[in-house]
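I opened a new page for this one and wanted to go from the whole chain down to single residues. Here is what I looked up, in the order that made sense to me.

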Amino acid sequence: MLQETDFRAIRFNPHTLFSECWAALVAGSERGGANAMTIAWGMMGSLWNFSDQGVAAVYVRESRHTKRFMDREAYFSINVLPEELRSAHAILGAKSGRDIDKWAASGLTPVFEDGCCYIAESDQVFI
Ligand SMILES: Cc1cc2nc3c(=O)[nH]c(=O)nc-3n(C[C@H](O)[C@H](O)[C@H](O)COP(=O)(O)O)c2cc1C
């Protein structure tokens with residue numbers, strides 16, 4: 001279960017989050033299915049009237065299967081996995097959901113909530 005936190009209260013370094021820890025980008029719905037992929041290109045910050053919530057930008061190549069899900073859904077999530085599950089990126093970042101079921105292959109659990117999908121095992125989720 002997610003415990004909601006005020007974005008302004010979180011102390012973290014967005015640069016190392018993306019460039020060193022990496023994240024799992026997830027988009028999808030219970031009805032249409034969901035997909036996850038590793039990302040290391042991204043940014044988080046403050047913009048215009050979103051300054052209360054913070055904003056995130058991710059950079060996803062057109063060829064990624066996950067892009068289809070992002071285009072279809074209103075939300076996507078940026079999931080930070082615990083260190084012990086880092087090996088899941090060997091699947092999420094090297095295989096395509098076009099060819100395999102990444103949920104079955106990685107052992108990660110998709111959660112569908114409030115129109116968004118995220119990974120149950122995540123330490124942190126940004127929606
Ligand atoms: C460490 C790492 C970081 C990556 N970062 C990105 C990224 O930011 N944007 C992107 O388009 N692809 C990135 N990729 C590549 C995708 O994760 C990879 O192509 C994945 O298999 C796409 O899966 P999909 O076809 O199921 O969407 C990264 C891969 C790795 C290993």
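Before anything else, a working rule for touching: I call two residues in contact if their C-beta atoms, placed from the backbone, lie within 7 Å. I also keep in mind that this is a predicted model.

**Entry 1: alanine 24**

With that rule I started at alanine 24. Leaving out residues up to four places away in sequence, I find that Ala24 touches Ala36, Thr38, Asn79, Leu81, Leu92 and Ile119. Two of these names come up again below: Ala24 and Ala36 are among the residues with the most contacts inside the largest nonpolar core.

**Entry 2: the core**

That core has 25 residues, and Leu25 and Val26 join Ala24 and Ala36 on the list of those with the most contacts inside it. Which elements give two or more residues to this core? I get strand 1 (23–29), strand 2, helix 3 (89–92), strand 7 (116–119) and strand 8 (124–126). Strand 1 gives the most, with five residues.

**Entry 3: the whole chain**

Next I stepped back. I count four helices and eight strands, and along the sequence they run α-β-β-β-β-α-β-α-α-β-β-β. The radius of gyration is 14 Å, close to the 14 Å from the globule rule for 127 residues, so the chain is as compact as a globular protein of that length. I have the C-alpha trace spanning about 40 × 30 × 30 Å along its principal axes. Of the 127 residues, 28% count as buried. I also checked how far apart in sequence the partners sit: among contacts between residues at least 6 apart, 58% join residues at least 24 apart.

**Entry 4: alanine 56**

Is alanine 56 buried or exposed? It counts as buried, because it has 20 C-beta neighbours inside 10 Å, and the cut-off for buried is 20 or more. I place Ala56 in strand 4.

**Entry 5: around the ligand**

How many residues surround the ligand? I get 19, and the closest are Trp41, His65, Thr66, Gly93 and Ser96. Strand 2 (33–39) and helix 2 (65–72) are the elements that give two or more residues to this shell. Sorted by class, the shell has eight nonpolar, seven polar and four charged residues.

**Entry 6: two positive phi values**

Last, I went through the backbone angles. Tryptophan 48 is not a glycine, yet its phi is positive, near 45 degrees. I find Trp48 in the loop between strand 3 (42–45) and strand 4 (55–58). Trp48 counts as exposed because it has 6 C-beta neighbours inside 10 Å.

Aspartate 114 also has a positive phi, about 50 degrees, without being a glycine. I place Asp114 in the loop between strand 6 (110–113) and strand 7. With 7 C-beta neighbours inside 10 Å, Asp114 counts as exposed.

Key:
Residues numbered from 1 in each chain as written. Predicted model: local features only at pLDDT ≥ 70, side-chain atom pairs only at ≥ 80, totals over all residues. Near = placed C-beta within 6 Å. Nonpolar A, V, L, I, M, F, W, Y, C, P; charged D, E, K, R; others polar. Core = buried A, V, L, I, M, F, W, Y, C linked by C-beta atoms within 7 Å. Buried ≥ 20, exposed ≤ 12 C-beta atoms within 10 Å, placed from the backbone. Rg over C-alpha atoms; globule rule 2.2 N^0.38 Å.
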